[in-house]
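Hello,

Here is the structure I promised to pass on. Have a look at it first, and then read on for what turned up in it.

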Amino acid sequence: MKFSKTLINWYSINKRDLPWRKTTNPYYIWLSEIILQQTQVKQGLPYYDAFTAKYPTVFDLANANESAVLKLWQGLGYYSRARNLHATAKHIAFDLGGKFPNTYKDLLKLKGVGDYTASAIASICFNEVTAVVDGNVYRVLSRYFGISTAINSTPGAKEFKQLAQKLIDTKQPAEFNQAIMEFGATQCKPKNPDCDTCPFNSSCIALSKNTISELPVKIKAAKAKKKHFNFLVFISEDEKTIIEQRQGKGIWQNLYQFPLIETEKATNFKSFKSLIKDHELLTNQDFELLLYNKEAVVHKLSHQHLYTHFWIIKVDKLPINGINIENVRDFPVPILIGDFIERFNF
DNA sequence: AATGCGGGGGA
DNA sequence: TCCCCAGCATT
């Protein structure tokens with residue numbers, strides 16, 4: 001039987017019941033696709049529910065402040081997705097009159113929408129015959145056809161896109177695209193795929209050659225760098241603290257945090273106390289210093305391992321306008337800070 | 001072509 | 001530990 005027929009038949013029997021499968025409204029499909037970038041369904045699902053509940057239309061999302069959007073996104077990671085989501089909502093609502101682009105080519109112009117997402121929306125919402133290639137598709141095709149081209153290389157991206165485009169069912173592009181991703185997610189899994197019950201187990205090249213565990217081939221990423229973060233948790237007599245919005249390029253852009261001092265190495269109490277003695281936020285006043293966590297809290301990101309200490313600094317008065325400590329939970333913060341706020345319980 | 005960007009979960 | 005996840009933007 002044809003690859004696409006077998007696949008779509010498998011999908012009709014095995015597909016999960018997911019909320020974004022009950023609609024072809026491009027706003028909801030777009031929202032789900034952005035949330036699901038580099039994110040498992042299980043992790044993204046509650047965020048999809050929260051966003052559709054709070055922002056039922058693209059106009060609701062467009063009219064929100066960026067901080068409110070980031071707050072709802074808090075904990076999901078890759079925060080540029082949230083910033084681009086909000087910017088694109090404004091573009092669609094205010095420049096395009098709320099009308100979603102309806103071709104692969106035009107969708108690709110949107111901020112935060114690349115080849116995968118443009119293909120997903122174009123096929124699911126508008127029946128355009130354009131194949132999606134995500135991590136699932138790479139895995140399924142590399143195994144079934146025994147392809148060892150690195151999936152995270154330029155030749156690999158091109159080869160797999162062409163192959164997927166050749167295989168897609170031109171009469172049912174939406175079904176095909178969702179089927180191949182679902183198949184990769186639940187049957188042809190990264191570890192311990194269920195080959196015994198697989199409808200392709202008589203024709204899968206990797207299974208016949210016993211190379212399932214070697215495919216897909218991926219060029220290894222560089223190891224994460226270690227960094228040492230020291231957060232200054234000010235507490236004044238009138239129960240205020242200081243948080244700042246992160247600026248610039250790096251991690252957690254536009255999220256909030258306690259004032260940060262990054263050091264080359266881990267510091268001890270004594271040397272840190274002398275280090276901050278002349279800090280601008282202390283303005284030469286007396287302060288009481290307490291180290292909240294003796295053991296560093298290690299927060300692991302894809303490319304950085306953060307060794308973190310929270311320093312409690314009690315002062316009479318803040319030199320700038322702080323925020324009342326009971327309001328600290330209102331701001332979007334990285335999960336590292338959010339966990340501290342919960343545990344510390346101001 | 002290479003790098004940066006989160007956080008959670010599986011083995 | 002290491003790998004992966006309905007990838008994208010920047011350099």
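A question to begin with: is Tyr 78 buried, partly exposed or exposed? Tyr 78 is partly exposed, because its relative accessible area is 48%, where buried means under 20% relative accessible area, exposed over 50%, and partly exposed in between (1.4 Å probe, protein chains only).

Before the rest, a word on what you are looking at. This is a predicted model, in which local features need pLDDT of at least 70 and side-chain atom pairs count only at pLDDT 80 or more, while totals for chains, interfaces and linings use all residues. Residues are numbered from 1 along each chain as its sequence is written, chains are lettered from A and ligands numbered from 1 in the order in which they are written, and side-chain values use heavy atoms, with hydrogens and water left out.

**Overall build**

Chain A has 14 helices and 9 strands; these are DSSP runs numbered from the N terminus (helices: H or I, at least four residues; strands: E, at least two). The C-alpha trace of chain A spans about 80 × 50 × 30 Å along its principal axes. Of the 346 residues in chain A, 48% are buried.

Asn 9, in helix H1 (residues 3–14), is 331 residues from Phe 340 in sequence and 48 Å from Phe 340 in space, C-alpha to C-alpha. Lys 225 and Leu 306 are 81 residues apart along the chain, and 8.4 Å separates their C-alpha atoms. Lys 225 lies in strand E1 and counts as exposed, at 62% relative accessibility. Asn 9 is partly exposed, with 43%.

**Backbone details**

Back to Tyr 78, which sits in the loop between helix H5 (66–73) and helix H6 (80–95). Its phi is positive, about 45°, although Tyr 78 is not a glycine. Asn 127 also has a positive phi, near 55°, and is found in the loop between helix H8 (115–126) and helix H9 (135–144). With a relative accessible area of 53%, Asn 127 is exposed. The peptide bond from Leu 215 to Pro 216 is cis, with omega near 0°; Pro 216 lies in the loop between helix H12 (205–209) and E1. As background, most residues other than glycine have a negative phi, and most peptide bonds are trans.

**Salt bridges**

How many salt bridges are there? The count comes to 7, taking a salt bridge as a side-chain nitrogen of Lys or Arg within 4 Å of a carboxyl oxygen of Asp or Glu. One of them joins Arg 16 to Glu 182, with the closest N and O atoms 2.8 Å apart. Arg 16 is in the loop between H1 and helix H2 (26–35) and Glu 182 in helix H11 (residues 173–186), so this pair ties together parts that are 166 residues apart in sequence. Arg 16 is partly exposed, at 31%, whereas Glu 182 is buried, at 2%.

Another salt bridge links Lys 161 and Asp 115, whose closest N and O atoms are 2.9 Å apart. Lys 161 belongs to helix H10 (residues 154–167) and Asp 115 to helix H8, so the pair ties together parts 46 residues apart in sequence. Lys 161 counts as buried, at 18%, and Asp 115 as partly exposed, at 32%. Salt bridges that share partners also join Arg 16, Arg 21 and Glu 182 into one network.

Asp 17 and Lys 22 form a salt bridge too (2.8 Å, N to O). Asp 17 is exposed, with a relative accessible area of 63%, and Lys 22 is exposed, with 63%.

For Cys 188, the nearest cysteine sulfur is that of Cys 198, 6.6 Å away. The sulfur of Cys 195 is 6.3 Å from its closest cysteine sulfur, in Cys 198, which is too far for a bond. Cys 188 is buried, with a relative accessible area of 11%, while Cys 195 is partly exposed, with 21%.

Best wishes

Methods
A disulfide is a pair of cysteine sulfur atoms within 2.5 Å.
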